[in-house]
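Hi there,

Here is the structure I promised to pass on. Have a look at it first, then read my notes below.

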Amino acid sequence: MAFTLPLQHRALVLKTIEEGLHLKHLQTPQPEPGNAIVRIEVASVLSYHREVYDGTRQYSFPMPLVGGVSAIGRIVALGPDATILQKGQLVFCDCVIHARDDPDTTFLSAIHDGSSEGSKKLMRTVWRDGTFAEYAKVPLENCIPLNEAKLCDSLGYSISDLMYIANLLVPYGGLRDIHLEPGETIVVSPATGGYGGAGVQVAVAMGARVIAMGRNEQKLARLKEHVLSGTPSACIEIVKMSGNEAADMAALQVFGTIDAILDFTPPHASNSTHLKSAVSALRRNGRVSMMGFVDRPMVPWTFVGNNISMKGKLMYERDDIVQFVKMLERGLFPRGEEFVDTQSFALEGWKVAFEAAAEHAGIGKQVVLIP
Ligand SMILES: NC(=O)c1ccc[n+]([C@@H]2O[C@H](COP(=O)([O-])OP(=O)(O)OC[C@H]3O[C@@H](n4cnc5c(N)ncnc54)[C@H](OP(=O)(O)O)[C@@H]3O)[C@@H](O)[C@H]2O)c1
């Protein structure tokens, strides 16, 4: 592999919301202290990427910017302060940026500039551009080495398959945050979405019994089938949300003691009563990881009576990524189609890719761009 950087490279640029993304030639970023220049092999596409860049979600970010989120690529150039990263190495490029002088200042490169003056400044000035490009500038600490010999040669994952790490990591951040233990029982609600489905997959790999809640029986059946085809020993139950709070609580309690909940309720489902039912079904000292964006979450009186802990969690920590990659390298996840079914598009196909991503979501499904 050549380690020379071309003067220019191709990237999907969002100049204004009205103009939308356009494929352009830009100057290739250069190595400086603190960064790596990565040749992007595969870039993840969110199920709601279209809504981010067409203004529907009203996310705050500076423009123009190169679109993207997390990616996987090969390092082609390194800042002088790199110590273990090597040119040619395959790395997961994490989009979650932390300020170096205040790691609590955080934002998502190319997606959202966070909630503080510091995060907005840092995105505007240094870490604005994303990975929908041939080359990207990535903070050294956001380049997580992937053992290609183990993951690709021994376990048989393709580099595109590995991009599914980006989906799995999000629920892993929440599950680790509430200290999910092997053998525990966790409710994932709703489980039929992209991150909800990924949450089921990760909780199973962590050795938990999973009760997947959802409103669509067919999707729940497919989810169970997918999990069992990849992990025949998995303990997975499904509960269809009925919209009746007491009935849903009773349906959950059939399965005995419930230790925890992972919730990915999207904002538009805030009025659904499933979270209240699930919290009512929790054991004393039960834990809840709140990862969806529920507007004014409703909790039952047992929230106090049963000492329930409810923690919000945005994404994951760097340490979670390192730990997650170890789980993958140890073979704790299925391979091939049982792991993920990927739809790939070139940069110029971004529009179709965004449409596909909105449809091709749920457990074991992802859409990627191959720059
Ligand atoms: N905390 C974090 O770090 C973080 C990171 C990424 C995303 N998120 C948030 O996580 C949420 C879910 O993400 P996702 O990828 O799973 O979303 P998604 O793929 O769009 O899935 C949405 C899920 O919500 C269900 N749903 C929609 N309307 C509902 C209603 N009225 N009642 C009950 N269930 C309903 C869907 O059920 P059907 O399948 O039946 O339609 C599906 O299971 C989003 O709000 C996203 O912003 C949080």
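Predicted model: local features only at pLDDT ≥ 70, side-chain atom pairs only at ≥ 80, totals over all residues.

**What I found in the sheet and around it**

Strand β11 (residues 185-189) runs parallel to strand β12 (residues 209-214), and 4 bridges join the two.

In general, the strands of a sheet pair through backbone hydrogen bonds, in either a parallel or an antiparallel way. Here, β11 and β12 belong to an open sheet of 6 strands with parallel pairing, in the order β13-β12-β11-β14-β15-β16. β13 (236-240) and β16 (309-312) are at the edges with a single partner strand each, so one side of each has no neighbour in the sheet. On average, neighbouring strands in this sheet are turned by 20 degrees against each other, ignoring direction.

Now for the helix α9, which lies across β11, β12, β14 (260-263), β15 (287-290) and β16. Its direction is at about 165 degrees to β14. Is α9 (residues 274-281) mostly covered or mostly open? Mostly covered: 7 of its 8 residues are buried, including His274, Leu275 and Val279.

The UniProt record (an unreviewed entry) annotates residues 196-329 as "domain: Alcohol dehydrogenase-like C-terminal". That span is 43% helix and 17% strand.

Last stop: Ser70, in the loop between β4 (65-66) and β5 (71-78). Why does Ser70 count as buried? Because its relative accessibility is 3%, and buried means under 20%. A polar atom of the Ser70 side chain lies 3.1 Å from the backbone nitrogen of Cys95. Further along the sequence, Ser70 is also in contact with residues including Thr131, Met163 and Tyr316.

Cheers

Definitions and conventions: Residues numbered from 1 in each chain as written. Heavy atoms only, no water. UniProt positions renumbered as here; feature names shortened; annotations may be inferred. Buried < 20%, exposed > 50% of the residue type's maximum accessible area, 1.4 Å probe, protein only. Polar contact = N/O pair within 3.5 Å; in protein donor to acceptor, adjacent residues only side chain to side chain. Contact = heavy atoms within 4.5 Å. Pairing = 2+ DSSP bridges. Axes fitted to C-alpha atoms, helices over the stretch in contact; angles between N-to-C directions. Lists of a residue's contacts leave out its neighbours within four places in sequence.
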